[in-house]
Amino acid sequence: MALHVRGVLLPDDEVRDLWLVGDRVTFTPVPGAETVLDGGFVLPGLVDAHCHIGIARGGAPITSLEQARELAHTDRDAGVLAIRDAGSPYPYPELDDEPGLPRLARAGQHVAPPKRYLRDIGVEVDATEVAATVAAQARAGNGWVKLVGDWIDRGVGDLAPAWDADTLTAAVRAAHDAGVRAAVHTFSESAVEIMVRAGVDSVEHGTGLSLDLIDEMARQGTALVPTMINIATFGGIAEQARGKFPGYAEHMLALRDGFPEVVRAAYEAGVPIYVGTDAGGGIDHGLAAEEMLLLHERAGMSPTDVLAAASWGAREWLGFPGLVEGGLADLTVYPEDPRSDLRAVRAPSRTILRGRVIR
């Protein structure tokens with residue numbers, strides 16, 4: 001049966017009637033449709049653009065499709081109806097179109113340097129194997145590849161690029177040649193410079209960004225997914241490392257402390273910014289609303305722009321059309337206007353996913 005929805009549609013900011021026919025939206029009245037919503041503020045379903053439903057709490061790979069479902073359900077119940085899994089050690093293409101689960105944009109496994117990333121998470125390869133591994137992981141995902149751009153180098157005692165600049169640049173080119181987009185994990189100043197100039201599609205975290213690189217990202221349309229919840233954990237990482245790597249510890253604290261201004265500068269420069277929590281491992285699922293509030297409170301993004309970064313803008317970026325004629329029948333509803341008080345996003349009153357009422 002077709003469903004009928006009426007409410008204040010954002011970002012249009014006007015009361016609209018929508019009809020959901022299967023998994024599609026139409027503004028043409030459908031006789032006999034069941035009215036399931038009359039009132040509230042209606043958004044295209046929220047997006048977590050940096051999430052890992054292939055990584056269990058604590059950092060171990062999941063071992064079953066049921067674990068992935070459970071984690072995805074936690075995000076869904078918080079209003080997140082589309083996820084970009086930014087690297088999974090466990091393959092789960094069977095879930096791409098499963099009813100009841102958020103839309104999925106997936107990378108394969110992280111492509112990482114040997115013994116310089118989280119254990120059992122990435123495919124660890126030497127420089128000579130990076131391009132071929134990127135091509136293989138492009139086939140494992142459904143539109144994205146995840147590159148580890150830097151990590152601690154214990155020989156240096158600080159963050160350092162995963163491979164040399166030529167290898168990192170070739171990795172981005174290999175992703176594009178395979179017809180997918182490349183996302184890069186990067187904390188350091190040196191690695192993010194290499195990757196932005198190489199034309200990477202999205203910078204994940206990006207704590208080492210300079211003003212010059214931010215301007216370059218704005219010119220290129222390179223996206224930033226700040227994961228501010230993740231960056232807040234740098235204090236604990238620094239304290240654990242301080243005994244053996246004091247320089248690394250101080251570097252991580254400096255990156256953490258300066259990050260709100262980095263994100264603010266990117267926002268003011270017009271860099272596309274999207275909401276991502278880095279859920280999986282050390283970050284709980286279901287925290288998209290908290291990430292949204294951090295972008296507003298600490299980085300100065302307006303409520304409307306935060307909503308775009310978590311909803312209609314992010315959906316367009318990932319190829320999941322919003323509440324337009326023929327768009328996807330995903331919506332998240334709030335009883336109060338989240339533009340007036342962004343805290344409203346913590347408590348969705350109704351969610352409809354793939355044309356089915358979830359809540």
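## Gly-54 and its surroundings

Gly-54 is in contact (heavy atoms within 4.5 Å) with Pro-61, Ile-62, Asp-85, Ser-88, Pro-89, Tyr-90 and Tyr-92, when its neighbours within four places in sequence are left aside. The structure is a predicted model, in which local features need pLDDT of at least 70, side-chain atom pairs count only at pLDDT 80 or more, and totals for chains, interfaces and linings use all residues. Residues are numbered from 1 along each chain as its sequence is written, and side-chain values use heavy atoms, with hydrogens and water left out.

Gly-54 belongs to the loop between strand S5 (46-51) and helix H1 (65-77). Helices (H or I, at least four residues) and strands (E, at least two) are DSSP runs, numbered from the N terminus. Because its relative accessibility is 0%, Gly-54 counts as buried; buried means under 20% relative accessible area, exposed means over 50%, and partly exposed lies in between, with a 1.4 Å probe and protein chains only. Gly-54 and Ile-121 are 67 residues apart along the chain, and their C-alpha atoms are separated by 9.3 Å.

## The chain as a whole

The secondary structure of the protein chain comes to 11 helices and 18 strands. The radius of gyration of the chain is 20 Å, close to the 21 Å that the globule rule gives for 359 residues, so the chain is as compact as a globular protein of that length. This radius is taken over C-alpha atoms, and the globule rule is 2.2 Å times the number of residues to the power 0.38. Along the principal axes, the C-alpha atoms fill a box of roughly 70 × 40 × 35 Å.

Of the 359 residues, 57% count as buried. Among contacts with a separation of 6 or more, 66% are accounted for by residues 24 or more positions apart. The chain exposes about 13900 Å², of which carbon and sulfur atoms supply 49%; accessible areas come from the Shrake-Rupley method with a 1.4 Å probe, and for residues only the protein chains shown count as cover.

## Charged side chains

The protein chain carries 32 positive and 51 negative side chains, and the centres of the two sets lie 3 Å apart. Lys and Arg count as positive and Asp and Glu as negative, while His and the chain ends are not counted. The place of a charge is taken as NZ of Lys, CZ of Arg, CG of Asp or CD of Glu.

## Helix H4 and its ends

Helix H4 covers residues 189-198, and its buried residues include Ala-191, Val-192, Ile-194, Met-195 and Val-196. At the N-terminal end, Ser-188 caps H4, with a side-chain oxygen 3.2 Å from the backbone nitrogen of Ala-191. Such a polar contact is a pair of N or O atoms within 3.5 Å; within protein, one must be able to donate a hydrogen and the other to accept it, and residues adjacent in sequence count only if both atoms are side-chain atoms. After H4 comes Gly-199, which has a positive phi, near 90°.

## Backbone features in loops

The loop between strand S1 (3-9) and strand S2 (14-21) contains Pro-11. Leu-10 and Pro-11 are joined by a cis peptide bond, with omega about 10°. Asp-13 also lies in the loop between S1 and S2. Although Asp-13 is not a glycine, its phi is positive, about 60°, and its relative accessibility of 43% makes it partly exposed.

Another positive phi, near 70°, is found at Asp-120, a residue other than glycine. Asp-120 is placed in the loop between strand S8 (111-112) and strand S9 (123-124), and it is exposed, with a relative accessible area of 53%.

## Further residues in context

Val-123 is part of strand S9 and is partly exposed, with a relative accessible area of 23%. Not counting residues up to four places away in sequence, Val-123 touches Gln-109, His-110, Val-111, Ala-112, Thr-133 and Gln-137.

Ser-311 occupies the loop between helix H10 (303-310) and helix H11 (312-318) and counts as buried at 0% relative accessibility. Leaving aside neighbours within four places in sequence, Ser-311 is in contact with Leu-43, Pro-44, Gly-45, Leu-46 and Val-47. Ala-344, in the loop between strand S16 (331-334) and strand S17 (350-353), counts as buried at 17% relative accessibility. Ala-344 touches Tyr-334, Glu-336 and Pro-338, not counting residues up to four places away in sequence.
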